Amino acid sequence: MLRPQRSPVWSDLLVVGQLLRIALDRGSTYPLVSLGLVAVCLHVLSSVLVNYYDRPILVNPKHARWLARNDWSYIDTQLKTFMRVNGFTSPLAAGYSLYRSRKELVAYFQRKADNDPDIYRHPAYPFFQHVSQSFLNEVTGRRRFVLEHLQNAVFDPPRVFEVGCGVGLIACELAKVRTDVEIFAMDISLSVVTYARGLVNQSFFAGDATFMVGDLLSVPMGPNEFSTVIALEVVEHTSDPVRSLAELRRITSKGGMLITSTPVRSLMPGHVTLFNSTSEVVAVHMAAGWVIEYVHEEELLPGIPDVMIIGRKVSS
């Protein structure tokens with residue numbers, strides 16, 4: 001169970017203070033307003049979780065210690081991209097708009113049930129996700145994990161499919177480094193897919209990717225079409241993880257690779273399947289027919305491991 005450690009106000013203040021201290025200690029050349037935008041997103045996330053579950057705040061100074069490990073040049077570039085995509089002329093305007101959306105987003109999550117498929121379709125969600133995922137993908141190592149396995153991989157056929165792509169940060173990054181591969185990405189939310197289509201046109205992403213709306217339980221692709229499929233923070237959103245992973249196996253060619261990340265003991269809004277251990281996550285992959293090649297854990301939130309898996313389709 002999650003345990004309260006301090007009040008939400010003091011927790012947020014401590015996060016902001018530690019972020020500033022890290023910037024000074026590291027001699028960061030990146031604008032302090034970038035840290036401020038991150039802090040606003042932490043505040044929005046914490047408010048969503050506290051109001052939605054009536055549980056203690058999850059955002060605490062431990063997040064600041066995670067951020068000390070981050071590649072701040074990547075995050076700073078992403079924040080500048082965020083401003084361009086949304087038409088902000090100054091970081092102050094971006095920060096104010098993020099903060100202004102807080103009440104609207106929190107109120108929306110309060111009205112929704114865990115199993116409501118519309119939970120991530122709110123028009124403000126892509127706006128928030130772009131900033132939050134810019135550093136969460138770094139904190140957990142998800143971005144590095146994907147690039148490490150795919151940057152120099154041989155693709156046959158040269159097609160990659162990402163499901164649950166969100167605003168498209170991973171798909172866009174992969175399109176940038178692998179211009180020889182067709183990148184397809186899908187999400188159930190029209191709002192994030194629309195945002196991703198705008199994001200891929202920004203100069204930071206030199207490659208190309210095709211984004212579509214679809215359901216993981218019925219992927220609109222034929223069998224054996226992709227050499228690699230990616231599902232980061234996805235299967236916990238489905239009521240039938242085995243069926244979902246089997247559907248990804250269907251569209252993967254023989255010998256193809258699966259890359260997933262899945263939280264354990266997560267109480268996040270929209271997570272309809274709760275995994276209590278890494279072994280449970282591995283078990284559903286194997287039940288769907290995947291041969292497990294690699295398992296790795298990183299911390300997603302305090303007390304919530306993120307399980308990263310490489311699977312292989314060894315038979316038709």
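This is a predicted model: local features need pLDDT of at least 70, side-chain atom pairs count only at pLDDT 80 or more; totals for chains, interfaces and linings use all residues.

Student: What about the accessible surface of the chain?
Tutor: About 13300 Å² in total. Carbon and sulfur atoms hold 55% of that.

Student: Let's zoom in on a helix. Is α9 mostly covered or mostly open?
Tutor: Mostly covered. Helix α9 spans residues 169-177, and seven of its nine residues are buried.

Student: Which residues of α9 are buried?
Tutor: L169, I170, A171, C172, E173, L174 and A175.

Student: How does α8 pack with α9?
Tutor: Helix α8 covers residues 142-150. The α8 and α9 axes are 11 Å apart, at an angle of about 35°. The crossing of α8 past α9 is right-handed.

Student: Which residues make that contact?
Tutor: From α8, R143, V146, L147 and L150. From α9, I170, E173, L174 and V177.

Student: Why would residues three or four places apart point the same way?
Tutor: Because an α-helix has 3.6 residues a turn.

Student: Past α9, where does R178 lie?
Tutor: In the loop between α9 and β2. R178 counts as buried because its relative accessibility is 9%, and the cut-off is under 20%.

Student: What does its side chain reach, that of R178?
Tutor: A polar atom of the R178 side chain is 3.0 Å from the backbone oxygen of L150. L150 is also one of the α8 residues in the contact with α9. Beyond its neighbours within four places in sequence, R178 touches L150, Q151, N152, A153 and F155.

Student: Are C165 and C172 buried or exposed?
Tutor: C165 is buried, at a relative accessible area of 7%. C172 is buried too, at 0%.

Student: Now the strands. Where is M186?
Tutor: In strand β2, which runs over residues 182-187. M186 counts as buried, at 1% relative accessibility.

Student: What does M186 touch, setting aside residues up to four places away in sequence?
Tutor: F161, E162, V163, G164, C165, M212, V213, G214, D215, L216, V219 and P220. So C165 turns up again, since contact means heavy atoms within 4.5 Å.

Student: How far apart are M186 and L216?
Tutor: 30 residues in sequence, and 8.5 Å in space, C-alpha to C-alpha.

Student: Last one, S227. Which strand is it in?
Tutor: S227 sits in β4, residues 226-232. S227 is buried, with a relative accessible area of 6%.

Student: Which backbone oxygen does the S227 side chain reach?
Tutor: That of P157, at 2.8 Å.

Student: And what else is S227 in contact with?
Tutor: Leaving out neighbours within four places in sequence, the list is F155, D156, P157, R159, T252, S253, G256 and M257. F155 is also a contact of R178.

Key: Residues are numbered from 1 along each chain as its sequence is written. Side-chain values use heavy atoms; hydrogens and water are left out. Helices (H or I, at least four residues) and strands (E, at least two) are DSSP runs, numbered from the N terminus. Buried means under 20% relative accessible area, exposed over 50%, partly exposed in between (1.4 Å probe, protein chains only). Accessible areas come from the Shrake-Rupley method with a 1.4 Å probe; for residues, only the protein chains shown count as cover. A polar contact is a pair of N or O atoms within 3.5 Å; within protein, one must be able to donate a hydrogen and the other to accept it, and residues adjacent in sequence count only if both atoms are side-chain atoms. Axes are lines fitted to C-alpha atoms, for helices over the stretch in contact, and angles run from 0 to 180 degrees between N-to-C directions. A crossing is left-handed if the near helix is turned anticlockwise from the far one by less than a right angle, and right-handed if clockwise.
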